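Me: Could you walk me through this structure step by step, starting with its aromatic rings?

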Amino acid sequence: MDKLQSLHSVQFIDNYFPVIDGVTETVHEYARHMEHAAVVCPAMEKHYLEKHSFPYPLLTSATIRVPFSRYASAVPKIDRELEAGIAKTEPEIFHFHSPSLLGKYAVSLGKKRKIPVVATFHSKYYDAILEFTKSRAIAKMVTNQIVKVFESCDEVWACSEETGETLRSYGYSKAYHVMPNGTDVSVPENIEELKEQAADRFQLPRDKHILLFVGQQIWYKNQKLILDTLRLLCDQRNDYFLVMVGTGKDEQEIERYAASLKLTDQVRFTGQVRDRELLSGIYRNAELLFFPSVFDNAPLVLREAAVLGVPTLAVEGSNAAGAIRKNISGFTAAADPQAMRDEILRIFTREDVREIGRNARETIPLSWEKLIPMVLERYQTVIDRYERTR
């Protein structure tokens, strides 16, 4: 393991902090748990960098800000200093986590410097592009280009078998390696105190079943299904409450939709919660993570909830549901408000939710401490194979 820890990697990602999602968290934890890892990302906003530091080298590319958005687009080919900065890290392997400009740059730089390139398929790009463009033709065309980027790598990783099959459905024809995501598996010693602090901070009821969603507030995470389900639940009973954690471009529209359903008193929108302890307290208040997204491949929030003994309700057949053993470590139902309502009513009348939560904690999370040695060992396999075939 000591030899593997000395391995030098460079992680490339096209969106990084202050935008927070599962891919951002994964790259941050990779670099944080490796002794020699650097991250290449778009330049961050100055005010953010003044308040935050990183325990690893952070190399930022020349960047164009996306108008009316928190996102930025890296333009590495016009950045003369970036390649020199990467060279100073003495890289042995490149790993990109998004197949946009920095992903393509990693591939071209890998070929130039004779360094192997690994890529992880994290997201359902076709769905995201379709949501943005409303054009199946454009989504298909761009997805075809993305597949070509993945096929130009020395190895492609998928977060699960289900995720790999999604990539295969896009037309990817080569082999892939399954490398799961990790999570922080520690439970704060003062978790009950944090639970009370979160309840007080966000005025959470103590006498209702609390359902929780954690993620970006963007419609294709299926918030409409969540709110429609809650409306049906509240029409039948008065003991359900929803907490929505996160921010995103559709945040205001989602809040307006909740108000149109007359759910203002049954929903708490917290905004983004950066404090990990406070977020743990929110999880602890919840009895069920309601995560019906069919967009996410291997959501970290499902694993975070499991660490704190909170089972997940996901859409049956979705990639997110791949980690769940139904009625043993979590629940699934059809992507329909009535089906979700019926399943939630069943869960809280027939199931021992705490026992399911304990099963989730024992079977779903994989700590970063256990995952990173697996990552480094696979890096070495890729490097050795690359050297043999050169």
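Reply: Happy to! Rings of Phe, Tyr and Trp form a pair if their centres lie within 6.5 Å. This is a predicted model, and by that rule the count comes to 17 aromatic pairs.

Me: Are the rings of Tyr125 and Phe150 stacked, edge-to-face or tilted?

Reply: A pair of aromatic rings is described by the distance of the centres and the angle of the planes. Planes under 30 degrees apart count as stacked, over 60 as edge-to-face and the rest as tilted. For Tyr125 and Phe150 the centres are 6.4 Å apart and the planes stand at 45 degrees, so the pair is tilted.

Me: Which helices hold Tyr125 and Phe150?

Reply: The two residues are 25 apart, and their pair links distant parts of the chain. Tyr125 sits in helix α6 (residues 125–133), and Phe150 in helix α7 (residues 136–151).

Me: Is Tyr125 buried or exposed?

Reply: Buried means under 20% relative accessible area. Phe150 has a value of 0% and is buried. Tyr125 has 13% relative accessibility, so Tyr125 counts as buried.

Me: Which residues are linked into a cluster by ring pairs?

Reply: Tyr125 and Phe150 both belong to this cluster. With the other members included, the cluster is made of Phe96, Phe121, Tyr125, Phe150 and Tyr170.

Me: Which residues touch the most other members of the largest nonpolar core?

Reply: In soluble globular proteins, nonpolar side chains tend to be buried together. Here the largest nonpolar core has 53 residues. Those that touch the most other members are Leu212, Tyr283, Leu289 and Ile344.

Me: How many residues are in the other core, which lies apart from it?

Reply: Val40, Leu82, Leu109 and Ala139 are among the members of this other core. The number of its residues is 33.

Me: Which helix gives the most to the lining of the second largest pocket?

Reply: The second largest pocket has a volume of about 550 Å³ and is lined by 20 residues. Helices α9 (191–201), α12 (276–285) and α15 (353–363) each supply at least two residues of that lining. With 5 residues, the helix that gives the most is α15.

Me: How many residues in the lining of the second largest pocket are charged?

Reply: Lys195, Arg284, Ala286, Glu287 and Arg354 lie nearest the centre of the pocket. By class, the lining has 7 nonpolar and 3 polar residues, and the number of charged ones is 10.

Me: Where is Leu371?

Reply: Leu371 is buried, with a relative accessible area of 0%. Among its contacts beyond four places in sequence are Tyr30, Met179 and Pro180. Its place is in helix α16 (residues 368–389).

Notes. Residues numbered from 1 in each chain as written. Predicted model: local features only at pLDDT ≥ 70, side-chain atom pairs only at ≥ 80, totals over all residues. Heavy atoms only, no water. Core = buried A, V, L, I, M, F, W, Y, C linked by side-chain atoms within 4.5 Å. Buried < 20%, exposed > 50% of the residue type's maximum accessible area, 1.4 Å probe, protein only. 1 Å grid on protein atoms, 1.4 Å probe; cavity = no way out; pocket = protein on both sides within 12 Å on 5 of 7 lines; lining within 4 Å. Points joined across faces, edges and corners; volume = space filled by probe spheres on them. Helix = DSSP H or I, 4+ residues; strand = E, 2+ residues; numbered from the N terminus. Nonpolar A, V, L, I, M, F, W, Y, C, P; charged D, E, K, R; others polar. Phe/Tyr/Trp six-rings, centres within 6.5 Å; stacked < 30°, edge-to-face > 60°. Contact = heavy atoms within 4.5 Å.
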